[in-house]
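Here is a short briefing on a protein chain and its aromatic pairs. Start with the overall layout, then turn to the rings.

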Amino acid sequence: MSRAYASRVLQMAIGQIFHTIGWDAVSSITLEQLVSMVEHFLRELTHQMVRCSELNNRTEANLDDLAYAFRTFGITLTDLEAYTNSVESVPLPFAVPQFPLPRPSCLIPACPSNLPTNSVAIELLNSVVCKEIDKK
């Protein structure tokens, strides 16, 4: 479901780009193929970013990882700047909600400060165990 939604949003974004550069129509097969190619490219780009961040002992990618991935794919910032300066930005015809939807946390909340600390808890446990041993 989420992959289909992401593909549909990407299809709308690519359609907007076509419209912006002056195309009036595109065949559905051509659009599907281009969406597939862009999805593959974005997937490979993000995999490269993740690899770079992991090699640098980080769990999240940052802009340095993106710059490295761009360099790996032969993309220069001057090319991106030239494209953004030559093509007018047009927003999507609808608002894209937060995606993917956040899931509720299953983590146990932190213990209140009035509960015993670990050392006190260990002492209490030891005293209970000692009492049980003494009973036998």
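**Layout and aromatic pairs**

From the N terminus on, the elements of the protein chain run α-α-α-α-α. The chain has five helices and zero strands; helices (H or I, at least four residues) and strands (E, at least two) are DSSP runs, numbered from the N terminus. This is a predicted model: local features need pLDDT of at least 70, side-chain atom pairs count only at pLDDT 80 or more, and totals for chains, interfaces and linings use all residues. Residues are numbered from 1 along each chain as its sequence is written, and side-chain values use heavy atoms, with hydrogens and water left out.

**Whole chain**

- Of the 136 residues in the protein chain, 12% are buried (under 20% relative accessible area; exposed is over 50%, partly exposed in between; 1.4 Å probe, protein chains only).
- Take contacts (heavy atoms within 4.5 Å) between residues at least 6 apart in sequence: 59% join residues at least 24 apart.

**Aromatic pairs**

- A search of the whole structure finds two aromatic pairs.
- The F18 and W23 ring centres are 4.5 Å apart with planes at 15°, so this pair is stacked.
- Rings of Phe, Tyr and Trp (its six-membered ring) pair if their centres lie within 6.5 Å; planes under 30 degrees apart count as stacked, over 60 as edge-to-face and the rest as tilted.
- F18 is buried at 11% relative accessibility, while W23 is partly exposed at 42%.
- The F41 and F73 ring centres are 5.5 Å apart with planes at 70°, so this pair is edge-to-face.
- F41 lies in helix α2 (residues 28-55) and F73 in the loop between α3 (63-72) and α4 (77-86), so the pair ties together parts 32 residues apart in sequence.
- F41 is partly exposed at 33%, and F73 is partly exposed at 34%.
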